[in-house]
Each structure stands twice: as structure tokens, then as C-alpha cells.
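My entries follow the order of the look-ups.

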Amino acid sequence: MHIEKIPNGALQENCYIIADGTDALIIDPGSEAERIIATIQTLKVIPQAILLTHTHHDHIGAVDQVRDAFSIPVYVHESEQAWLNNPEMNLSAQFMSVPVTARPAEFEFTLYKEYDFGKLHFKVVPTPGHSFGSVSFLFGDFVIAGDALFKGSVGRPDLPTGNLDQLLKGIRTELFSLPPETIVYAGHGDDTTIGYEQKTNPYFN
């Protein structure tokens, strides 16, 4: 399994390319589409889909360019489907000089469903609280947590549809139930592990 992290944009959002052999998934292409596309070409992998942990502007800015470059579908939680082309809800109207939009996703996730794309296998679990449609992707010994859980912190709960109690409950239920050695790949910043956050994250200690 190969995991390529591409920090991008002014907020240094982490786009991930997850690959097993030539099968690949692209998670949260936030901006710098040309760089993401070039990295995929360099890796010589074949993307199967784009997965979105949530639809804030810094996670979706390159969706359409990357989708069109590889002719692949996009998957999103149903409650944030409409945010893709709504600058008010994806927050680009408030925080960006140019509004960010993307076309509707081709598919909506079924929570707790396990998905297979070639050799890649993952499960979708709800981790709302940063936004009400935030999800995480469980890939066996690692999890892509979006903006739910960070190294030493959690996602902002003060944005529209955010809720701190819901966020902490989701992390405890869906992420802290994983083995402590599980690696957490966050939407911003450094990687961490479930065990490290259980012991040191100030929101839980």
C-alpha cells in the first residue's frame, strides 16, 4: 500500500493518493489540480474514484479538474451533496476572494458500508461535528480522518453545522474504538496514531 500526502493551497489541506499496485483513490483534492494530476502520473497509478471527507472549500477546489482528467466519479455524504456548488455552505463565499464550486458528486456514501475499488478496500464511518456530513475512511491499519481528528487537536466546531459534543462523540465511538497503533492521516498537519491521541489529545484528557 502506498500513501502519498500532498499538502496544497493556502490552508495546506492534505490531499491523499492511496494506491495498491496500480489501483488508486484520490481523497480530498483541495486545490493545485495540476500538481495532484502530475503526482498521479508520476506514480503510474490508475485512479478509480475521488472520495470526499466533507465539502468545505479547501477540500474540493480541484475536484472537477481531477475528475475530468481521469474520467472518474466522486463520492460524498448525501447531506453535503448540495454544498459542492454552494459557496455559502462550502464557506468559500466567506473565506475566499473567488467562490469555489464543483459539479454534483456521482455517488453518495452509505454509512458503515464497505467499498472495494480494485485492490483497495475501506469502510465509511460518520465523524460529524466539524460539519454535519463529515466522514472518515477506515483502511485496515490506517484511517483518513478529514478534519475530525488532528494531531493534538480536533476540527473546528464553530463553523455552520458544527457541534463540539457531536464531534467528540463521533471520534470516541468511531475512531477511538480502533486499535491504538492505527495511523491517523488528517486533513491538515502531521500524521498521528489513535493511541497517541487517546493519551495526549487535550480534548479527551
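**Basis.** The model is predicted: local features need pLDDT of at least 70, side-chain atom pairs count only at pLDDT 80 or more, and totals for chains, interfaces and linings use all residues. Residues are numbered from 1 along each chain as its sequence is written, and side-chain values use heavy atoms, with hydrogens and water left out.

**Helix α3.** I took helices (H or I, at least four residues) and strands (E, at least two) as DSSP runs, numbered from the N terminus. I counted a residue as buried under 20% relative accessible area, exposed over 50% and partly exposed in between (1.4 Å probe, protein chains only). In α3, residues 63-70, I found V63, D64, V66 and R67 buried. Down the helix axis these fall within an arc of 165°, so they line one face; the arc is that of the directions from the axis to the C-beta atoms. They pack against β3, α1, β4, α2 and β5, where contact means heavy atoms within 4.5 Å. S71 follows α3 and has a positive phi, near 55°.

**Cores.** I used sets of buried Ala, Val, Leu, Ile, Met, Phe, Trp, Tyr and Cys residues joined through side-chain atoms within 4.5 Å. The largest nonpolar core has 24 residues, of which I26, I36, I50, L52 and V66 touch the most other members. α1 gives the most to this core, with four residues. Apart from it lies another core of 19 residues, including I18 and Y115.

**Salt bridges.** My criterion was a side-chain nitrogen of Lys or Arg within 4 Å of a carboxyl oxygen of Asp or Glu. The whole structure gave seven. D64 and R67 pair at 2.5 Å, N to O; both lie in α3, three residues apart, about one turn of the helix. R67 counts as buried because its relative accessibility is 2%. R103 also pairs with D64, at 3.9 Å. R103 lies in the loop between α4 and β6, so this pair ties together parts 39 residues apart in sequence. Through shared partners, salt bridges join D64, R67, D68, R103 and E106 into one network.

**Phi values.** Most residues other than glycine have a negative phi. Which way does the phi of D28 go, positive or negative? I found it positive, about 55°. D28 sits in the loop between β3 and α1 and is buried at 2% relative accessibility. T161 has a positive phi near 70°, in the loop between β12 and α5, and is partly exposed at 29%.
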